[in-house]
Amino acid sequence: MSSSVQGGIHQLGDALNSISFPKSSDPSSTSTASSEKGEGPPEDPSTGSAAAAAATAAAAASVLTDDEEEGTDPLLAPGNNMGEIRPSGQFMMLTKKLIEIRNILKTIEGNEALRLPSIVVIGSQSSGKSSVLEAIVGHEFLPKGTNMVTRRPIELTLVNAPAGSEEYGEFPQLGLGRIRDFLQIQSTLRDMNMAVSDEECISPKPIELRIHSPNVPDLTLVDLPGYIQVTTRGQPIELKSRIASLCETYIQEPNIILTVCPADVDLANSEALMAARRVDPLGLRTIGVISKTDLVPPEQAVSILENHDYPLLLGYVGVVCKAGGGRGGGKSGDAMVRRARDREEQYFQGHAAFHRKDLALGTGTLRRKLTEVLEEYMGRNLDGIVDAVQGELDESRYQYKVQYNDRRISAESYVADTMDEIKQSFKELTRQLDKPRLRSEVRALLEQRVMDISGNGRWKHRLDVASAHLTKSGVGRSVTQHIVDVLHSQLHLIAEAGNLGMHPATQERVMSFATDILRNKYGVTVNQVENTIKPFKFDIECTESEWNEGVKRARSLVEREMAMCEAALQGIKTSVGKRRLRAGIQHILSRERDMAARKKRREEAEEMEEPLEERDLVSTQYSPILLEKARETMALRQRMFVLRYRLAALKSKGCRTSSGKAMCPEAFLSVVAEKLTYTSVMFLQVELLNEFFFQFPREVDDRLYYDLDKASLTAFARENPEIRRQLDLLERRSKLEEVMEKLGYLARGRKESGSSAY
Ligand SMILES: Nc1nc2c(ncn2[C@@H]2O[C@H](COP(=O)(O)OP(=O)(O)OP(=O)(O)O)[C@@H](O)[C@H]2O)c(=O)[nH]1
């Protein structure tokens with residue numbers, strides 16, 4: 001709570017000390033009477049905090065007296081526009097604006113210091129809370145039943161609309177729009193309450209409901225679950241204390257407490273009154289409602305209303321709200337509420353005991369009292385609220401400057417930036433994946449195949465078969481797949497970098513529509529590539545310069561592979577150690593020799609000697625890992641031996657011209673691979689890449705940007721925690737600016753009217 005609000009309360013407390021409480025049953029001893037007689041308040045009521053408090057009490061009481069004199073209840077008049085007919089129009093404006101401000105403040109996270117007062121309705125179960133609230137609203141709209149139907153706080157905002165406007169309710173949390181049928185409001189409230197399980201029984205999460213009507217005053221009310229005496233079967237044991245502590249949180253300052261106590265139950269037993277007294281011992285912000293006044297003799301009701309035993313500064317109001325007949329909500333329910341009002345009026349008029357001006361009677365009087373007290377309370381705290389909001393605003397501005405250097409941002413601009421970022425990265429990818437890069441990708445793939453094929457020495461003198469092995473190895477499919485894989489991995493990098501990295505769902509969408517485009521092009525590309533390399537399956541011409549290039553490439557390929565083998569051997573030597581490796585190799589060789597000798601002996605002597613198995617090579621002296629490395633070393637040495645032999649052949653005279661190609665199969669296969677590379681790349685580019693490069697950025701726009709409505713844009717931007725923080729701070733700042741503007745308008749109006757009544 002803001003310190004100024006607290007200050008206001010304390011001022012009022014000080015003021016009370018100088019006001020004499022009515023002690024006798026003499027009706028003239030109300031606070032109004034006291035102030036008129038000058039018994040308590042300071043002499044000049046326009047100055048000092050005590051004067052303000054006295055004025056509050058006097059204002060509340062005097063309005064009631066005036067109404068009684070006039071014998072009319074303008075607030076109950078059908079179609080009545082509160083703003084027009086209220087005598088204190090500036091107050092009405094103040095409350096209306098402050099309720100608007102309150103609703104904005106409610107949407108700001110962590111605004112504990114910026115709370116504006118509401119009227120909180122507490123009372124025991126069945127004390128008549130719902131009936132009182134419905135009488136205030138003039139509609140039956142609250143859920144009824146015996147099975148704990150009020151399970152969550154209902155934060156009810158009443159908005160007085162101009163005369164002739166339609167009446168409707170709305171649930172801001174649900175976004176259902178305007179609900180004109182109060183029966184539907186009732187059933188929605190029931191559903192929301194009953195969604196809290198029987199085991200849980202109550203939940204502190206409030207339901208927000210706004211009712212717009214020309215027949216309601218501007219008020220903010222909170223209906224709470226009723227206090228219970230004992231728990232019934234199936235209810236949690238701690239329910240009683242949980243209800244009490246939920247009410248406790250709501251009855252704190254700056255809220256005004258409306259305690260509903262039935263006339264037929266001794267006030268001494270009212271849990272609501274006791275709770276209110278604990279947090280507001282002087283009764284400065286507690287209004288007592290004595291419900292069911294018709295259930296006790298009029299004299300007894302009058303004695304309670306006289307405010308002697310449990311005095312409250314704001315006094316008690318007696319009401320009769322029994323609707324009569326069954327309850328069903330909707331139109332018939334509304335008619336019942338109206339009939340109940342008539343019955344209430346008749347009841348009070350029909351008993352002489354109530355014909356006293358000092359008594360506050362009827363729901364009309366209650367409504368007026370509530371608006372007066374709320375207006376008074378809010379008005380008194382206006383300066384404090386302005387200071388608190390200004391403080392928060394200054395802090396938000398400072399934080400935004402420090403953290404973001406006042407850089408503007410919106411969900412839309414963030415999404416647009418992110419899309420641009422994707423497109424820029426994609427453009428860079430299209431530059432990188434040019435023809436030379438494509439060729440090197442495809443060449444590397446085919447050269448690996450060349451190495452695999454030519455590793456087998458039997459191709460000597462059978463070049464046509466070796467070449468067919470290459471050309472008929474499904475080149476179309478493998479090169480297309482390879483380029484698709486390259487694209488995918490590059491797109492993954494784009495998706496994981498920058499802003500997009502913060503949006504896993506969108507990353508998936510990007511990859512998914514990229515895959516869709518590529519899938520559509522895949523089959524056509526494979527067929528095209530396969531068709532265009534078809535001639536190479538039958539005949540391959542080779543010029544001398546092509547041959548020379550082929551030899552060069554083949555030599556460098558063999559040399560590269562030798563270097564790789566060399567590096568692998570070196571790695572093993574370093575990790576195992578030369579000596580151990582040598583010992584391991586010797587162990588394997590001697591075991592192999594043993595196996596061979598044993599096999600020979602067996603064959604010669606036809607003995608039934610047990611053959612040596614692989615497992616017999618396992619030695620307790622050498623670890624399996626060492627033997628594994630030793631075997632690997634032996635294989636690498638063997639490979640090196642073959643590669644040296646092939647390199648020697650490629651360097652030999654026989655390979656200098658294409659006429660010796662039978663001697664050098666890898667040189668010839670390298671020429672074939674190069675021809676396949678050139679032809680494939682041409683069609684990969686035309687059929688696959690050009691299409692993809694054209695379509696992808698358009699899909700980004702269509703599917704990620706134009707597709708998004710305002711809510712989705714915001715949701716997208718908020719997925720990024722850093723942006724969410726920035727947007728939150730910016731939103732907080734602009735809401736506080738809006739609030740300050742409204743408050744400034746109110747404060748100016750107040751100055752201009754020279755009002756000191758606030
Ligand atoms: N005679 C009489 N009965 C009333 C009056 N006000 C309410 N009732 C009846 O008292 C019962 C309880 O009233 P509610 O308004 O539902 O009480 P509540 O406090 O909202 O009850 P819970 O939500 O269950 O805590 C109903 O049967 C009402 O008809 C009244 O002024 N006079």
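## The ligand and its contacts

In this predicted model, an N or O atom in the side chain of Ser 131 lies 2.5 Å from an oxygen atom of the ligand. Backbone atoms take part too. A backbone N or O atom of Cys 321 is 2.8 Å from a ligand oxygen. For Gly 128, a polar backbone atom sits 3.0 Å from an oxygen atom of the ligand. The protein buries 82% of the 650 Å² that the ligand exposes when taken alone.

Eight strands form an open sheet with mixed pairing. Their order is β3-β4-β2-β5-β1-β6-β7-β8. The edges belong to β3 (168–170) and β8 (316–318). Each has a single partner strand, so one side of each lacks a neighbour in the sheet. On average, neighbouring strands are turned by 25° against each other, direction ignored.

Strands β1 (residues 119–123) and β6 (residues 256–262) run parallel and pair over five bridges. Val 120 has Ile 257 in β6 as its bridge partner.

## His 139

Where does His 139 lie? Its place is the loop between α6 (129–137) and β2 (154–160). Is His 139 buried or exposed? His 139 counts as buried because its relative accessibility is 7%, and buried means under 20%. The His 139 side chain also makes a polar contact, at 3.0 Å, with the side chain of Glu 167.

Notes. Residues are numbered from 1 along each chain as its sequence is written. This is a predicted model: local features need pLDDT of at least 70, side-chain atom pairs count only at pLDDT 80 or more; totals for chains, interfaces and linings use all residues. Side-chain values use heavy atoms; hydrogens and water are left out. Helices (H or I, at least four residues) and strands (E, at least two) are DSSP runs, numbered from the N terminus. Buried means under 20% relative accessible area, exposed over 50%, partly exposed in between (1.4 Å probe, protein chains only). A polar contact is a pair of N or O atoms within 3.5 Å; within protein, one must be able to donate a hydrogen and the other to accept it, and residues adjacent in sequence count only if both atoms are side-chain atoms. Accessible areas come from the Shrake-Rupley method with a 1.4 Å probe; for residues, only the protein chains shown count as cover. Two strands pair if DSSP finds at least two bridges between them. Axes are lines fitted to C-alpha atoms, for helices over the stretch in contact, and angles run from 0 to 180 degrees between N-to-C directions.
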